[in-house]
Amino acid sequence: MAISETGVVQSERRWALAMAVVSVIFLTAILYAAIAQHLSPPSNVELIDPATIHVSGEFAEDNLGTRLEPEGGVVIRLVTTQFSFVPSCVVVPQDAPVTFRVVSPDVIHGIMVVGTNVNTMIVPGYISRVRTRFAEAGEKLMPCHEFCGLGHSQMIAKVRVVPVNEFKPDADGRAHCAEP
Ligand code: CUA
């Protein structure tokens with residue numbers, strides 16, 4: 001059966017239109033997630049000067065660790081550096097919204113909390129942010145998963161998830177890991 005040239009052109013137009021519609025649907029879904037639901041890649045969202053991280057501002061030493069937020073939930077501020085996490089243990093309440101905010105003053109590191117969705121690179125110059133919730137109490141390991149130098153394999157921290165009634169922040173809303 002012969003297909004006329006007009007038929008071929010019409011068929012191509014239909015497919016082109018179908019693909020255009022699919023592309024618009026995908027683009028709309030991405031924009032909706034980014035704008036309405038504030039879903040963006042966990043790394044490379046906010047900028048920070050790696051040279052002054054430890055001197056002042058959000059990641060000065062006094063501000064690191066777990067802090068209860070006024071709206072509920074906790075924020076964990078961490079500095080990843082060759083070859084440790086500061087602090088090396090953080091405590092969080094069970095089943096509460098948790099936001100990690102992590103920076104690096106030196107090279108690229110990575111964090112993951114085993115068995116959770118927390119998994120991101122830490123790129124100098126950017127603040128990495130990850131939101132999660134820990135359903136079970138207990139201690140979880142948080143290793144660096146980006147090769148960062150000779151001490152990479154020693155670079156590991158802990159997340160201690162405690163039942164809400166055992167989570168006791170101080171007057172400033174800060175909580176620290178009790179000594180084991
Ligand atoms: Cu830090 Cu590997």
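Which residue forms a salt bridge with D95? R133 does, and the closest N and O atoms of the pair are 3.7 Å apart.

## About the model

This is a predicted model, in which local features need pLDDT of at least 70 and side-chain atom pairs count only at pLDDT 80 or more, while totals for chains, interfaces and linings use all residues. Residues are numbered from 1 along each chain as its sequence is written, and side-chain values use heavy atoms, with hydrogens and water left out.

## D95 and its surroundings

A salt bridge here is a side-chain nitrogen of Lys or Arg within 4 Å of a carboxyl oxygen of Asp or Glu. D95 and R133 form such a pair. R133 lies in strand β9 (residues 126–133) and D95 in the loop between β5 and β6, so the bridge ties together parts that are 38 residues apart in sequence. Helices (H or I, at least four residues) and strands (E, at least two) are DSSP runs, numbered from the N terminus.

D95 is partly exposed, with a relative accessible area of 47%. R133 is partly exposed too, at 46%. The backbone of D95 has a phi near 55 degrees, a positive value in a residue other than glycine. D95 and E136 are 41 residues apart in sequence, yet their C-alpha atoms are 7.3 Å apart in space.

## Salt bridges around R101

The count comes to six salt bridges. One of them joins the side chains of E46 and R101, at 3.0 Å from N to O. E46 lies in strand β1 (residues 46–47) and R101 in strand β6 (residues 97–103), so this pair links parts that are 55 residues apart in sequence. E46 is partly exposed, with 29% relative accessible area. R101 counts as buried, at 12%.

R101 also meets E58 in a salt bridge, at 2.5 Å from N to O. E58 lies in the loop between β1 and β2, so its bridge to R101 in strand β6 ties together parts 43 residues apart in sequence. At 26% relative accessibility, E58 counts as partly exposed. Salt bridges that share partners join E46, E58, R77 and R101 into one network.

## The disulfide

How many disulfides are there? The count comes to one disulfide. The rule asks for a pair of cysteine sulfur atoms within 2.5 Å. C89 and C177 form the link, with their sulfur atoms 1.9 Å apart. C89 lies in strand β5 (residues 89–93) and C177 in the segment after β12 (174–175), so the pair ties together parts that are 88 residues apart in sequence.

The link of C89 and C177 is left-handed, with -75 degrees about the S-S bond. C89 is buried, at 14% relative accessibility. C177 is buried as well, at 16%.

## The largest pocket

The largest pocket has a volume of about 200 Å³. Of its 14 lining residues, the closest to the centre are P87, S88, C89, H176 and C177. The elements that give two or more residues to the lining are β2 (65–68), β5 and β12.

The search uses a 1 Å grid over the protein atoms alone; a pocket is an open set of points where a 1.4 Å probe fits, with protein on both sides within 12 Å along at least five of seven lines, and lining residues have an atom within 4 Å of a point.

## Cis peptide bonds

The peptide bond from V86 to P87 is cis, with omega near -5 degrees. P87 lies in the loop between β4 and β5. A cis peptide bond also joins Q82 and F83, with omega about 0 degrees. F83 is found in the loop between β3 (74–81) and β4 (84–86).

## A nonpolar surface patch

W15, L17, M19, V21, V22, I25 and F26 form a nonpolar patch on the surface, with about 740 Å² of accessible area together. Patch residues have over 30% relative accessible area and no salt bridge, and nonpolar side chains (Val, Leu, Ile, Met, Phe, Trp, Tyr) are joined within 5 Å. Areas come from the Shrake-Rupley method with a 1.4 Å probe. W15 sits in helix α1 (residues 5–35). W15 is exposed, with a relative accessible area of 57%.

Technical notes. Patch = residues over 30% accessible without salt bridge, like charges linked within 9 Å, V, L, I, M, F, W, Y side chains within 5 Å. Buried < 20%, exposed > 50% of the residue type's maximum accessible area, 1.4 Å probe, protein only. Points joined across faces, edges and corners; volume = space filled by probe spheres on them.
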